[in-house]
Amino acid sequence: MTTHNWQNNAECAGLDTEWWFPLGPTSNNQGPTKTALNICNQCPVKALCAQYVLDQWDTQEPIRHGIWAGVRITQTQGTKGKSHSLKEAHTKLQQIAQT
């Protein structure tokens with residue numbers, strides 16, 4: 001992944017990336033996930049992070065996993081092949097990017 005200038009100012013820069021990319025949505029070890037979410041919530045570039053994910057949303061390689069801008073993104077299939085989790089994540093990211 002290419003590093004963008006805003007990423008250098010992120011609170012997560014240099015920290016354990018496994019906190020932001022847990023093994024799965026049902027991982028038993030929620031401690032690192034909570035820590036990652038808390039760090040994101042205090043991050044000065046949270047809106048830029050959200051915008052970065054939104055800019056990738058409809059590309060050939062969209063971001064569909066991890067914690068970005070304090071939003072947990074997981075790709076799980078709903079009843080009609082659509083992901084309810086992704087739709088909710090997209091809405092939250094839009095709200096954050098506008099701040």
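1. Start with the strand pairing: His 65 stands opposite Thr 74 in β2. Keep in mind throughout that this is a predicted model. The two strands, β1 (residues 65-68) and β2 (residues 71-74), run antiparallel and are joined by 4 bridges. Together β1 and β2 make a hairpin with 2 residues between them. In that turn, have a look at Ala 69, whose phi is positive, about 55°.

2. Now the overall layout. You'll count 4 helices and 2 strands, and going along the sequence the order is α-α-α-β-β-α. Of the 99 residues, 33% count as buried. The protein exposes about 6600 Å², with carbon and sulfur atoms supplying 47% of that area. As for contacts between residues at least 6 apart in sequence, 54% of them join residues at least 24 apart.

3. On to the aromatics. The structure holds 4 aromatic pairs. Take Trp 6 and Tyr 52: their ring centres are 5.7 Å apart and their planes meet at 55°, so this pair counts as tilted. Trp 6 lies in helix α1 (residues 5-8) and Tyr 52 in helix α3 (residues 46-56), so the pair ties together parts that are 46 residues apart in sequence.

4. Are those two partners buried or exposed? Trp 6 has a relative accessible area of 14% and Tyr 52 one of 12%. Buried means under 20%, so Trp 6 is buried, and so is Tyr 52. Ring pairs also bring in Phe 21 and Trp 68, giving a cluster with Trp 6 and Tyr 52.

5. One more ring is worth a click. Trp 57 has the charged end of Arg 64 sitting over its ring, 4.1 Å from the ring centre.

6. Which residues have the most contacts inside the largest nonpolar core? They are Val 53, Trp 68, Ile 73 and Leu 93, in a core of 19 residues. The elements giving two or more residues to this core are α3, β2 and α4 (84-97). Helix α3 gives the most, with 5 residues.

7. Leaving aside residues up to four places away in sequence, Leu 93 touches Ala 50, Val 53, Leu 54, Trp 57, Trp 68, Ala 69, Val 71 and Ile 73.

Methods: Residues are numbered from 1 along each chain as its sequence is written. This is a predicted model: local features need pLDDT of at least 70, side-chain atom pairs count only at pLDDT 80 or more; totals for chains, interfaces and linings use all residues. Side-chain values use heavy atoms; hydrogens and water are left out. Buried means under 20% relative accessible area, exposed over 50%, partly exposed in between (1.4 Å probe, protein chains only). Contact means heavy atoms within 4.5 Å. Accessible areas come from the Shrake-Rupley method with a 1.4 Å probe; for residues, only the protein chains shown count as cover. Two strands pair if DSSP finds at least two bridges between them. Rings of Phe, Tyr and Trp (its six-membered ring) pair if their centres lie within 6.5 Å; planes under 30 degrees apart count as stacked, over 60 as edge-to-face and the rest as tilted. A charge sits over a ring if NZ of Lys or CZ of Arg is within 6 Å of the ring centre and within 35 degrees of the ring normal. A nonpolar core is a set of buried Ala, Val, Leu, Ile, Met, Phe, Trp, Tyr and Cys residues joined through side-chain atoms within 4.5 Å.
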